[in-house]
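Please look at the sequence and the 3D structure below.

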Amino acid sequence: MFFSVVIPTYNRLPILQKCLRALESQQWRDDHLVQGYEVVLVDDGSTDGTLNWLESHKDEFPHVRCFEQDHAGPAAARNLGVEKAEGDTIIFIDSDLVVLSNFLQAHTEALVQGKEKLGSDRFFTYGAVINTCNFENPTSEPYKITDFSAAFFATGNVAIPKHWLEKAGLFDTGFQLYGWEDLELGVRLKNLGLQLIKCPEAVGYHWHPAFRLQQIPKLIDQEIQRGRMGVLFYQKHPTWEVKMMIQMTWFHRLLWGILSLNGLLNEKTMAPFLQWLINIGKPQLALEIARIFLNWYNVKGVYAAYAEILDK
């Protein structure tokens, strides 16, 4: 195997530095299984000096090959990364993910074992993603129940033979707003018969700033966008499974309607309680509670976008 680690990035220079340094610090036990690896970084029109920094530090990153595009979103950036990749196996991670030193080794072992078990390469490996707001030492964060993901295919930490991505048609760049472009590709991969093999030893730590009330307007906007892109997802794959994924069911409407008291529990009414949690050092708990009204915005966004389509 030869790995191409494909990373789209947009204005994330501080955490990107940690991401790239972690990838340069990989350790191997079975060198004969892997010919080598490269890091294919695609800058999606950053304005924070990312390209200048990479140029001035290129000697520090011998595995990195950098490409750039005008700001077109992560789907287009990943497609460009796959196009430029020289490896037979693609690993997708995000630029705010910091991996452990055995990351590539763990994916290697899971890929070899998967091929021996299934007798083919019709599968991909899915590593663990642990969320953290600890910038100084992100890999010290313990696993939490909220880190569990039931997604079939998500680009936070996944390894897959390149030819299956090409056969599936890569990412749909029609997903211009926030969300779903990776899970939509996952549906096409599942239709090709690919299986998911979990690889919990390949751990990545997904960093994000500690939750603050000032982030709420952006988070609400993302949920509304995710609702609109969810309807696009459903248009492409009009199945019950997709309806469940995008929360376009009576169950989700009832669930989040009840939990939010039909919108009475919202960013304004809950602000004092959320701020109190933040003040006592529990910003992650505050964010999880905020998801009550964030999910309500998402469900409303789904139905609003679907109603627009029906009216056309």
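In the largest nonpolar core of this predicted model, which has 40 residues, Phe92, Phe153, Ile160 and Leu165 touch the most other members. A nonpolar core is a set of buried Ala, Val, Leu, Ile, Met, Phe, Trp, Tyr and Cys residues joined through side-chain atoms within 4.5 Å; buried means under 20% relative accessible area. Leaving out residues up to four places away in sequence, Ile160 touches Thr89, Ile90, Phe92, Phe123, Phe124, Phe153, Leu165, Leu189 and Leu194. Another core, of 33 residues, lies apart from it and includes Ile7, Leu41, Val98 and Val99.

Residues are numbered from 1 along each chain as its sequence is written. Local features need pLDDT of at least 70, side-chain atom pairs count only at pLDDT 80 or more, and totals for chains, interfaces and linings use all residues, while side-chain values use heavy atoms, without hydrogens and water.

Two packed helices are described by the angle between their axes and the distance between the axes. Axes are lines fitted to C-alpha atoms over the stretch in contact, with angles from 0 to 180 degrees between N-to-C directions.

| Helix pair | Axes come within | Crossing angle |
|---|---|---|
| α7 (residues 216-236) and α11 (residues 283-311) | 7 Å | roughly 40 degrees |
| α9 (residues 250-259) and α11 | 9 Å | roughly 140 degrees |

α9 and α11 are therefore oblique to each other (angles under 35 degrees count as roughly parallel, over 145 as roughly antiparallel, 65 to 115 as roughly perpendicular and the rest as oblique). On the α9 side, the contact (heavy atoms within 4.5 Å) is made by Trp250, His252, Arg253, Trp256, Gly257 and Leu259. The α11 side supplies Arg291, Ile292, Asn295, Trp296, Val299 and Tyr303.

Methods
Helix = DSSP H or I, 4+ residues; strand = E, 2+ residues; numbered from the N terminus. Buried < 20%, exposed > 50% of the residue type's maximum accessible area, 1.4 Å probe, protein only.
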